[in-house]
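Please keep the structure open as you read.

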Amino acid sequence: MSTDIGKYVPLKQVVSYYLDEMKKSYAEFDPCWILAFRALISMGFSVAFEPKTIRIPLNANLTANLPADYLNWTKIGVQDSDGGFSTLAINNALTKYADNSPQRIEKIEQIQVNDSVGLLSNSPAFVNYFYNGTYFTLFGIGGGLIQHGSCNVDEVNRVIIFPPDFRFESVLFEYIFSPQRDNDYQIQTCLQEAVIAFIKWKNKEGSMQEYYAMVTEGRRSLDKKKVTLQTINQVLRESDAMKLRS
Amino acid sequence: MAIPYSKKQLIQRIMQHVTNGFPDDDFSISENEMLLYIDAGIPYVLKGQMFENAKVFNVFEIPEAYLITYLITPLTQYTPTNEWMGNLPQTPLALPTGYNITDAYISQDGLGRGQSIFFTKTKRVPYRNNMPKPSGVFARINGQTIYLQSYNGMSLLNQNLYVEMPISRTDDIDAPMVLPDDAIQALFDYVCLKIKDRYGMPKDVVVDNIGAGNKSS
């Protein structure tokens, strides 16, 4: 069964909608396509781009190369036995010194100060309140996250960096990627009116306010923003717990 | 089938009108000279009709009656820039881009028409390559020459280029004019006006009470 409405729509189709609406000549197509492309970029970084997940093997110097189409990361972690994505802690203190050097580990270990906390440094898992082979929460204090290590991202050198005690050979990496053209670039159909509003704004036929209104309108229909009874039910179940109530 | 009108017929009509009959040997305007007036008059009339139509729909459009689609072949490669070039049937009229050539596409027999070509205004050519391009063929116009280049540099060898454009010229003086009937009268008036200027038509003196013969005052 064919249909004219898909989840994604090519920019050429959106531009054609605009030209038809405004009764413009085909000579306007190319300048308007560029505007549509700029709208794709603008909305892509805020709402439209969808992440994908890959597994990246670690280099010998405990770094992992960012993929060529990388734009922005959303999750870095390892996979647990149930297929779950277990995120790593982001360690902003991890130095980016010598990130591209094969001798990175030797170089960053040379200048370490004595900050060992005994058991923690021997454990592959980074855990809060870990003591004597187990962990527990302290009343009144957040439980913290059980995480399997830490990392940081060196955007300039395009690598993910890990501390010397990182024990895994690869990491899962979820990231926003640069879209590739498949004959044409595509955007979610629910955002096509926002693209048209962007073109009108830049052609002095609309306003910035109208564009942002259309982005907001379209964003409500995106998958990740969609509210269903099923998800509400799940939130209610997960938030219902044995706990102190005020 | 409607009777086709040629420029030859229009010239004949204008001559008869101007000379109030059939032109004699004293009529010094040649057919070729009158043809120039007609070729110049067609765009003049066309633009007037475009603006007239714009009053109805508030949109600037070429009336379809002026349009003809030409097959431009063969395309040859312009080696300095690796573009492909072809010769248009005439220098496009000085209308805005998209109106001087209303459509162009590449087509192969049996495969159907291809996607329309993107025309790049000359002032955009120097910086157009700095921006991403939609898939397709781009074109720019220099006088009567059209330069083509695919967005990915693909060869256009042996491709058939079809160009749809309003024209003012015809292959010869007997070829049918591509002109709507409601433009013929305006064109006729335009050419007659120019001919009268050019010919220096003697006018009857309509001031009465002046005797015939040479005047001394």
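The buried residues of helix 6 of chain A are A:Tyr211, A:Met214, A:Val215 and A:Gly218. Here a residue is buried if 20 or more other C-beta atoms lie within 10 Å of its own, exposed if 12 or fewer, and partly exposed in between, with C-beta atoms placed from the backbone. Because these four cover an arc of only 105° around the axis, they sit on the same side of helix 6 of chain A; the arc is that of the directions from the helix axis to the C-beta atoms. A:Gln209 and A:Thr216 are exposed on the other side of this helix.

What do the buried residues of helix 6 of chain A pack against? They pack against helix 2 and helix 5 (192–202) of chain A, where contact asks for C-beta atoms, placed from the backbone, within 7 Å. Helix 6 covers residues 208–219 of chain A, and at 1.5 Å a residue its 12 residues should span 16 Å, which agrees with end C-alpha atoms 16 Å apart. The expected span is 1.5 Å times one less than the number of residues.

## About the model

This is a predicted model, in which local features need pLDDT of at least 70 and side-chain atom pairs count only at pLDDT 80 or more, while totals for chains, interfaces and linings use all residues. Residues are numbered from 1 along each chain as its sequence is written, and chains are lettered from A and ligands numbered from 1 in the order in which they are written. Helices (H or I, at least four residues) and strands (E, at least two) are DSSP runs, numbered from the N terminus.

## Core and chain contact

The largest nonpolar core has 50 residues; A:Leu11, A:Ala36, A:Leu40, A:Ala194, A:Val195 and B:Ala139 touch the most other members. Such a core is a set of buried Ala, Val, Leu, Ile, Met, Phe, Trp, Tyr and Cys residues joined through C-beta atoms within 7 Å. Helix 2 of chain A supplies its largest share, 11 residues.

The contact between the chains takes 14 residues from chain A and 13 residues from chain B. Helix 2 (residues 29–48) gives the most to chain A's side, with 5 residues.

## The sheet

In chain A, 4 strands form an open sheet in the order 3-10-9-6, with mixed pairing; two strands pair if DSSP finds at least two bridges between them. Strand 3 (63–65) and strand 6 (89–90) are its edges, each pairing on one side only. Strand 6 runs parallel to strand 9 (residues 150–154), joined by 2 bridges, and A:Ile90 has A:Cys151 as its bridge partner in strand 9.

How values were computed
Two residues are in contact if their C-beta atoms, placed from the backbone, lie within 7 Å.
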